[in-house]
Amino acid sequence: MLVQLALATLMVLLTVTIHGAGLMALSRVMRLEATDERRAAHGRPGLRLATRAFAATMAIVLALFTLHGIEIWLYALVYLMTGAMAGLEHAVYFSTITYATIGYDDQGLGEAWKLVAAIEGVNGVILLGWSTAFFVTMVGRLRPA
């Protein structure tokens with residue numbers, strides 16, 4: 001149990017670090033975009049502004065999806081490397097439903113690794129919530145002043 005708890009803790013630290021760095025980088029890009037938008041906003045038609053806002057929103061969504069994908073795949077690799085699951089497809093599927101707390105079942109998961117899966121679920125909820133708060137904040141900043 002201590003090995004699994006240590007591995008789960010390491011994974012939480014790793015995924016939170018990746019997520020935080022990704023959100024910081026995305027926030028920086030959005031600040032640069034907002035600065036550029038303010039400079040160029042004079043005399044621009046509203047349609048171009050709306051198009052830029054749409055493109056920025058799509059970029060945020062895709063970046064968040066990518067961050068979560070990386071984190072899900074990392075957990076899947078842990079399941080594979082520890083022998084908790086056999087097969088990449090099953091490991092990625094299991095990691096995805098666990099991370100998103102859908103949790104259909106834990107069939108195929110080694111008994112010793114169920115603690116890691118449970119902590120992945122808690123980790124996923126927190127990271128998804130963090131992304132949701134970030135997304136709402138960023139989209140709110142895209143509205144015209």
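**The patch and its surroundings**

A: Let's start with Leu77: its relative accessibility is 36%, so Leu77 counts as partly exposed, since that class runs between 20% and 50%. Keep in mind that this is a predicted model. Leu77 sits in helix 2, which covers residues 46-81.

Together with Trp73, Met81 and Leu88, Leu77 makes a nonpolar surface patch of about 430 Å². Helix 2 is the biggest giver here, putting three residues into the patch.

Now for Leu88, another member of the patch. Helix 3 spans residues 88-99, so let's follow that helix along. With twelve residues at 1.5 Å a residue, helix 3 should span 16 Å, and because its end C-alpha atoms are 16 Å apart, the two agree. Quite a few of its residues are tucked away: Ala91, Val92, Phe94, Ser95, Ile97, Thr98 and Tyr99 are the buried ones. Just past the end of helix 3, Thr101 takes a positive phi of about 60 degrees.

Leaving aside residues up to four places away in sequence, Trp130 touches Val16, His19, Gly20 and Leu23. Take Gly20: Trp130 and Gly20 are 110 residues apart in sequence, yet their C-alpha atoms are 9.2 Å apart in space.

Notes:
Residues numbered from 1 in each chain as written. Predicted model: local features only at pLDDT ≥ 70, side-chain atom pairs only at ≥ 80, totals over all residues. Heavy atoms only, no water. Helix = DSSP H or I, 4+ residues; strand = E, 2+ residues; numbered from the N terminus. Expected span 1.5 Å × (residues − 1). Buried < 20%, exposed > 50% of the residue type's maximum accessible area, 1.4 Å probe, protein only. Contact = heavy atoms within 4.5 Å. Patch = residues over 30% accessible without salt bridge, like charges linked within 9 Å, V, L, I, M, F, W, Y side chains within 5 Å. Areas by Shrake-Rupley, 256 points an atom, 1.4 Å probe, with all protein chains shown as cover. Salt bridge = Lys/Arg side-chain N within 4 Å of Asp/Glu carboxyl O.
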